[in-house]
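Please look over the sequence and the structure before reading on.

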Amino acid sequence: MTKPAADHWPALPTNWDDTRQTLHLWTQIVGKTRLALSPMVNHWWQVPLYVTPRGLSTGSMPYAGGSCEVVFDFNQHCLRLHTSDGRSWELALKPRSVADFYRHYRALLREAGIHVKIWPVPVELEEATPFTKDEHHCSYDAAAVQQFWQVLLRADAVLNEFRGGFTGKCSPVHFFWGSFDLAVTRFSGRPAPPHPGGIPHLADWVTRESYSAEQSAAGWWPGGNGQAAAFYSYVYPGVPGLAEATIQPAEAFFSPEMGEFFLPYEAARTAPNPRQTVLDFLQSTYAAAADLSNWDRAALERH
């Protein structure tokens with residue numbers, strides 16, 4: 001399969017909803033392993049996955065025998081488990097149910113000597129069929145997944161570039177398996193009021209830890225539930241006047257329902273300069289939120 005050039009932003013695959021939903025659930029299973037093994041970090045920064053030249057990775061995780069890593073390899077379409085004693089295991093990424101993936105993945109962990117307890121139920125989704133019983137999510141279109149990964153690579157690169165302009169507290173660029181999106185978060189240094197919660201199948205105290213400090217977040221989401229893929233940007237807590245702010249590019253908009261700015265991915269990728277278009281969106285929406293929220297931008301940004 002011919003890979004698109006780095007300056008070409010590919011379209012997302014069409015008719016891949018079944019594959020996207022199945023892959024989302026597979027990433028939750030692997031992500032819950034990282035949640036169980038890794039020590040707590042503020043705002044749950046120890047739980048996401050990371051974009052790599054192969055696909056998505058947990059990064060290094062401690063276990064009784066040393067350290068381990070789980071990688072979704074979207075080039076070879078296999079899940080790889082590596083341990084620090086030099087051993088590796090593989091599980092094919094192919095059409096198989098969530099229940100089948102879960103059974104084989106747990107067997108792979110046991111064979112590696114990694115004993116971990118996870119809650120085998122999806123989070124942040126309206127439907128919460130336990131992994132052990134989910135036989136209806138069973139699609140895997142390898143070409144569509146590779147196309148999705150090519151978009152992830154470009155979104156990850158531009159979000160990391162945006163991250164570099166901030167000298168205050170800032171998260172890495174994370175792939176959150178709960179919401180199935182990339183995100184980077186900047187912080188003002190001030191605490192935030194308790195988040196109201198209400199995210200499906202996620203305890204409110206979990207959400208409150210995520211939003212315990214005042215923040216401006218941005219990221220990329222591949223779409224779903226009838227909504228198109230988009231870059232997004234929001235501030236917590238919300239601030240009056242944000243909807244009237246002047247932002248770039250012209251295709252970007254504020255959603256009163258979501259309380260967020262959005263730039264449709266299709267508008268970004270078909271722009272003459274997709275990278276700069278996305279950077280303009282990220283910077284203009286952050287600046288509007290930071291100014292209205294009275295952030296000390298002179299102390300928090302690189303000059």
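Helix α3 (residues 142-163) packs against helix α6 (residues 274-292) at an angle of about 45°, with the two axes 10 Å apart. Helices here are DSSP runs of H or I with at least four residues, strands are runs of E with at least two, and both are numbered from the N terminus. Axes are lines fitted to C-alpha atoms, for helices over the stretch in contact, and angles between N-to-C directions run from 0 to 180 degrees. The angle makes α3 oblique to α6, given that angles under 35 degrees count as roughly parallel, over 145 as roughly antiparallel, 65 to 115 as roughly perpendicular and the rest as oblique. On the α3 side the residues involved are Val158, Leu159, Glu161 and Phe162, and they meet Arg275, Val278, Leu279, Leu282, Gln283 and Tyr286 of α6, where contact means heavy atoms within 4.5 Å. Sorted by class, this contact has 7 nonpolar, 1 polar and 2 charged residues; Ala, Val, Leu, Ile, Met, Phe, Trp, Tyr, Cys and Pro count as nonpolar, Asp, Glu, Lys and Arg as charged, and the others, Gly among them, as polar.

The model is predicted, so that local features need pLDDT of at least 70 and side-chain atom pairs count only at pLDDT 80 or more, whereas totals for chains, interfaces and linings use all residues. Residues are numbered from 1 along each chain as its sequence is written, and side-chain values use heavy atoms, with hydrogens and water left out.

For the protein chain as a whole, the secondary structure comes to 7 helices and 12 strands. Its C-alpha trace spans about 55 × 40 × 35 Å along the principal axes, and buried residues make up 53% of the 303 residues. Among contacts with a separation of 6 or more, 60% are accounted for by residues 24 or more positions apart.

| Residue | Relative accessible area | Class |
|---|---|---|
| Thr185 | 10% | buried |
| Pro200 | 24% | partly exposed |
| Ala203 | 34% | partly exposed |

Thr185 belongs to strand β8 and, not counting residues up to four places away in sequence, touches Lys169, Cys170, Ser171, Gln215, Ser216 and Ala217. Ala203 lies in the loop between β8 (181-191) and α4 (204-210), and Pro200 is likewise placed in the loop between β8 and α4. Although Pro200 and Glu124 are 76 residues apart in sequence, their C-alpha atoms are 4.8 Å apart in space; for Ala203 and Glu124, 79 residues apart along the chain, the C-alpha separation is 9.7 Å. Leaving aside neighbours within four places in sequence, Pro200 is in contact with Val123, Glu124, Leu125 and Glu126.

Notes:
Buried means under 20% relative accessible area, exposed over 50%, partly exposed in between (1.4 Å probe, protein chains only).
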